[in-house]
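Hello,

Here is the structure I promised to pass on to you. Have a look at it first, and then read my notes below.

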Amino acid sequence: MSGNLFQKYGNRYISVLSRVWAGGSSQVIKNSEETLRKALELKFPKAKNIVVTDMSGGCGSMYEISVETTEFKGLSTVKQHRLIAEALKNEIRDMHGLRIHTSIGE
């Protein structure tokens, strides 16, 4: 095993590459930080701050999203997160994971 591509973790080796192998196919990344941010801007037009970060190393499989808007006022954290997930329901299908942070802007 090459020391540059793999690291030993316990009794196994893990890849330190930050992209997903797509086999012989030419995988097209369907999501991007910009497309997700635009979808959230449409859903939350009063948002003071929307930050979308691709945490997957560029392959589009894991994102961290932060939305600050007064539109969350009076809603539980769970309901706020559901609204984010609903706004991105088509995009989420192609993701491995999503971290959501919400806050009420004043």
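Along the sequence, the elements of the protein come in the pattern β-β-α-β-β-α-α-β, that is, three helices and five strands. Here helices (H or I, at least four residues) and strands (E, at least two) are DSSP runs, numbered from the N terminus.

A word on the source: this is a predicted model, in which local features need pLDDT of at least 70, side-chain atom pairs count only at pLDDT 80 or more, and totals for chains, interfaces and linings use all residues. Residues are numbered from 1 along each chain as its sequence is written, and side-chain values use heavy atoms, with hydrogens and water left out.

Now to the sheet. Three strands form an open sheet with mixed pairing, in the order β3-β4-β5; two strands pair if DSSP finds at least two bridges between them. The edges are β3 (49–54) and β5 (97–103), each with a single partner strand, so one side of each has no neighbour in the sheet. β3 pairs with β4 (residues 62–68) in the antiparallel sense over six bridges. In that pairing, Val52 has Ile65 of β4 as its bridge partner.

Helix α1 (residues 33–43) packs on this sheet and touches β3 and β4 (contact means heavy atoms within 4.5 Å). Its direction makes about 155° with that of β3; axes are lines fitted to C-alpha atoms, for helices over the stretch in contact, and angles run from 0 to 180 degrees between N-to-C directions. Helix α2 (residues 77–87) lies across β4 and β5, at about 125° to β5.

Enjoy exploring!
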